[in-house]
Amino acid sequence: MQACDSPRITPGFSPADAFAALSPLGLALARQRHLVWVNEAFATMFGYTREALTGQSFRLLFATEAEFERIGQRLQASLRESGSYRDE
């Protein structure tokens, strides 16, 4: 068995960051319903680039303002009850 060189470590980029970035699951981080980070899988699901989504409101991804508001209310209730929110 041949020894492998260890992967190059990029300053400020942790193994968890690499895992999230390369995950086949669409992942996003948001602050006050604005996207602060998305991985490639998330961007591809919606037909955008990562750069185009970063900084945008989640509203961009909803068909109507009413749907955006409805999900927002569900999100806030979940955060109050459990401290987290997940959706499909």
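**Entry 1: a loop residue**

Is Leu25 buried or exposed? I found Leu25 exposed, because its relative accessible area is 57%. My cut-offs are under 20% relative accessible area for buried, over 50% for exposed and partly exposed in between, with a 1.4 Å probe and protein chains only.

Before going on, I note that this is a predicted model, where local features need pLDDT of at least 70, side-chain atom pairs count only at pLDDT 80 or more, and totals for chains, interfaces and linings use all residues. Residues are numbered from 1 along each chain as its sequence is written, and side-chain values use heavy atoms, with hydrogens and water left out.

I placed Leu25 in the loop between helix H1 (15–22) and strand S1 (28–31). Helices (H or I, at least four residues) and strands (E, at least two) are DSSP runs, numbered from the N terminus. Setting aside neighbours within four places in sequence, I see Leu25 in contact with Asn39 and Ala41; contact means heavy atoms within 4.5 Å. I also looked up the C-alpha separation of Leu25 and Asn39, which is 8.5 Å for two residues 14 apart along the chain.

**Entry 2: the overall plan**

I counted elements next, and the protein has four helices and two strands. Read from the N terminus on, their order is α-β-β-α-α-α. Of the 88 residues, 18% count as buried. Taking contacts between residues at least 6 apart in sequence, I get 10% that join residues at least 24 apart. The protein exposes about 7,200 Å², and carbon and sulfur atoms supply 57% of that area. Accessible areas come from the Shrake-Rupley method with a 1.4 Å probe, and for residues only the protein chains shown count as cover.

**Entry 3: the core**

Which residues make up the largest nonpolar core? I list Leu35, Val38, Phe42, Ala43, Leu53, Phe58, Leu61, Phe62, Phe68 and Ile71, 10 residues in all. Strand S2 (34–38), helix H2 (40–46) and helix H4 (65–82) are the elements that give two or more residues to this core. For the term, a nonpolar core is a set of buried Ala, Val, Leu, Ile, Met, Phe, Trp, Tyr and Cys residues joined through side-chain atoms within 4.5 Å.

I then followed Phe42. Leaving out residues up to four places away in sequence, Phe42 touches Gly26, Leu27, Ala28, Leu35, Leu53, Phe58 and Leu61.

**Entry 4: the rings**

The structure holds three aromatic pairs. The planes of Phe42 and Phe46 stand at 50 degrees with ring centres 5.0 Å apart, so I log the pair as tilted. Rings of Phe, Tyr and Trp (its six-membered ring) pair if their centres lie within 6.5 Å; planes under 30 degrees apart count as stacked, over 60 as edge-to-face and the rest as tilted.

Phe42 and Phe46 both lie in helix H2, four residues apart, about one turn of the helix. Phe42 is buried at 7% relative accessible area, while Phe46 is partly exposed at 36%. Phe42 also pairs with Phe58, edge-to-face, at 6.5 Å centre to centre and 90 degrees between the planes. This pair links distant parts of the chain, with Phe42 in helix H2 and Phe58 16 residues away in the loop between helix H3 (50–53) and H4. Both Phe42 and Phe58 are buried. In my notes, Phe42, Phe46 and Phe58 go down as a cluster linked by ring pairs.

**Entry 5: charges**

Side chains of opposite charge can pair when their charged atoms come close. How many salt bridges does the structure hold? I find two, taking a salt bridge as a side-chain nitrogen of Lys or Arg within 4 Å of a carboxyl oxygen of Asp or Glu.

Arg59 forms a salt bridge with Glu65, and the closest N and O atoms are 2.9 Å apart. Arg59 counts as partly exposed at 25% relative accessibility, and Glu65 is partly exposed too, at 40%.

Glu67 forms a salt bridge with Arg70, with 2.7 Å between the closest N and O atoms. Both lie in helix H4, three residues apart, about one turn of the helix. I have Glu67 as partly exposed at 30% and Arg70 as partly exposed at 41%.
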